[in-house]
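Me: I am new to this structure and would like to know what the labels rest on. Please take them one at a time.

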Amino acid sequence: MTALHVAVTKGHTACVKKLLLAPGIDVKIKNRLGFTPEMLASGNYEILKLLRSYSEFPVHTFSKVILCGNSGAGKSTLAKAILSICNCNEEVGSLWDQVKNVFKAAGAPKPLTAGIIPYNIQSPRGNMVLYDLAGQPEYYTSHCACIEAISLSSPAIFLSLVDVSLSQKEIAKQLCYWSTMISSVCSECPHTSEVIVVGTHADKVNKEGLLHRSKAIEDLAKAIFKKQHFRGFIALDATARFSDNMKRFIDVLSKSNDTVVQHCPVISSDCHILYAFLQQMVPSEQVTTISQLLSKLQADKTNVLPTETSKMIPLLTILSDKGLILFIFNKHSPDESWIVLQKSLLLEKVAGVLFAPESFGEYRALASNTGLVPIPCIRECFPDLDAHMLVEFLFQLKLCHLVDSTLKIVDTSQTLLDLTRGSDNGSCYSLFFPSLINIDKPDSFDPDCFNTKGSFGWLMRTKEEHQFFHNRFLHVLMLTLMNGCGGTEILCNPQLKSLNRQCIVWSTGICWNSNEGVTILVDVVEQFRYLCVAVSFPGPQYQELTVLQDIRKTFNQFCPSIDVEELVIDPRQVCTLFNKGIMPSSLPHVEMSKLKNAILSKSDGVRDFNGKVVAIAEWIRAESRLPKLIGIENDVIGPKLLDLMNEIGAVIPSKWRDVGVQLGIAPGVLDGIQRQNAEMPRSCQASFEQVFNEWKLQGSETPYTWTHIIGILRRPAIGENDLAETLATKFK
């Protein structure tokens, strides 16, 4: 007899609840007389309901298993094999023979997966919620968003599938992408997820080649799956001839399942009872609300669950995180928050249709290439679903913004909008999806837009070749910047320039500008390895512009596994990079960390990536916001050389030639400057300006820094020690 038998016999409900929370508790264990705890609980409805909920719906034992990989990798075939293994009747035939039959049957063409197909599996080999992800790139952003929503507190098992018959370069590319995605969706989870890399189509590679590729894939996976627990690489073929490998795969999956379940947060008895109650509502009800659920609970005379919304929300959140339901919180009316009992309604039918490629039967012409989807189209496509629920679901996943008929972003945080009647002027609302944009970038941007005193340029570059900025990060960033720039009009057509404020978007970037002179250009280029930013603003009223902070915050949330370096670049060169598509390494730029250290140490200048010494003042303009963005106040930075030129030229205008000689400018060049300015008024001042320009063009031969020019003033040939001291005191 166990402690659970004793507690049930004595009718100690509180004790039974505590015992049920113990790891590995078996509610079906029999005592020496052959009685289970449930048999001994007859007559005590509360304890009986507890034991039955744990026995029939053991919420605490479920894990999430997510199959990811490119299209054609064999995810659906493997999903069916797992289902067959978990649900097979071993008395009918050998387990492995059944698996072989599943793989043989998979040889015929099958419809492609749309969206995410969820399966609930309960079996002695492990309880799991299996998610089969469509492999088309059009779905990648929605996949990330959906998996993020169910990975907030409990870890998952990721099966990353790759076709081993592909080239090693393509295999590495695919694994690196899914590694980035997995790290992104698990960034909020406090526990480590499990990863198993599965090589498919092994029958297409000879035995020796398979051994070589398996070793290479396993080594790569160990290197890139740093933030997860990598369980290993297993190669499978489409005929299941390698039954030992299949058996090993199931064993590894089972161990991962046990590990994940152990690291899941403790699941209360109320969660078990609630899930059992919700399962009784299926299939008659697919979606319900908290208010409807509470009404049913209040009508149940045997109910032991709380009937307050505030206590029900945490229970539903836990079930949603376990992947057993989808819970959509309604911030305007918590009592009307939605409980989706059939997850496939949103994961497969809604997401599968909204983001389907044109080649799919599920595809609907909902959006033009601008990414705008009118709400009436949503209602027409999904007539049986609440439009407010769909919109709230998509909002919470950060997949879209709501815009009105003038293409202005609508703030839905305060009031629940009437989506059935449209906006006040009679026109309908639309949803704007960055992931549905199919617009090429504008032909060019004018570099002169970024020639103001307050402009700066900035690059973020991945350090490793196999790392890149994935679509989910880019699309959330576009929504963030659009919203952060004042919720202004969205213009998806670069030719439309009539509005005072506009946000031009294309498939890889965004440009926000206004008639006040503010321009923000953000673009991802060079095979997603560079994020380029150019910002221009005219005056102090825009000094609190936080574009870099917004980018960093979004990056840290959605790209936690990517190592990057931040670079400073002339904003006009960002336009050159954008317009011509050339490599950023061919343009002058410098690491932000080096620039910061050089400024703090009061160095004369800093070397760019080409080894050329460039003055600090050339990187940081006098009114630029960039110093504060890297943690430095403007008064730490030295003067602009133009200011120094004006100061020196005003005091010793006649010594322009002597200063030019000390700067190493050729006599012939100085003669040309003299001839050119001889007839001009204030010829000495103009000559000084040309001397400084020539000095700048010499590059690293003579350091172009303000400390160097002050040192020249102290030389005997110039003899202006007092002026040098005055300038040094003034500017330092």
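Reply: This is a predicted model. A helix here is a DSSP run of H or I with at least four residues, numbered from the N terminus.

Me: What makes the place of Met-39 part of a helix?
Reply: Met-39 belongs to helix 3, residues 37-40.

Me: Why is Met-39 called partly exposed?
Reply: The relative accessible area of Met-39 is 45%. Buried means under 20% and exposed means over 50%, so a value in between is called partly exposed.

Me: Which residues form the nonpolar patch on the surface?
Reply: Leu-33, Phe-35 and Met-39 form the patch, and together they have about 320 Å² of accessible area.

Me: What is the order of the strands in the open sheet?
Reply: The 6 strands are ordered 2-3-1-4-5-6, and their pairing is mixed.

Me: What makes strand 2 and strand 6 the edge strands?
Reply: Strand 2 (116-121) and strand 6 (229-235) each pair on one side only.

Me: How do you know that strand 5 and strand 6 pair?
Reply: These parallel strands are joined by 6 bridges. Pairing asks for at least two bridges, so strand 5 and strand 6 count as a pair. In strand 6, Ala-235 is opposite Gly-199.

Me: Which strands does helix 8 touch?
Reply: Helix 8 (residues 168-185) packs on the sheet and touches strand 1, strand 3, strand 4 and strand 5. Its direction makes about 165° with that of strand 4.

Key. Residues numbered from 1 in each chain as written. Predicted model: local features only at pLDDT ≥ 70, side-chain atom pairs only at ≥ 80, totals over all residues. Heavy atoms only, no water. Contact = heavy atoms within 4.5 Å. Axes fitted to C-alpha atoms, helices over the stretch in contact; angles between N-to-C directions. Patch = residues over 30% accessible without salt bridge, like charges linked within 9 Å, V, L, I, M, F, W, Y side chains within 5 Å. Areas by Shrake-Rupley, 256 points an atom, 1.4 Å probe, with all protein chains shown as cover. Salt bridge = Lys/Arg side-chain N within 4 Å of Asp/Glu carboxyl O. Buried < 20%, exposed > 50% of the residue type's maximum accessible area, 1.4 Å probe, protein only.
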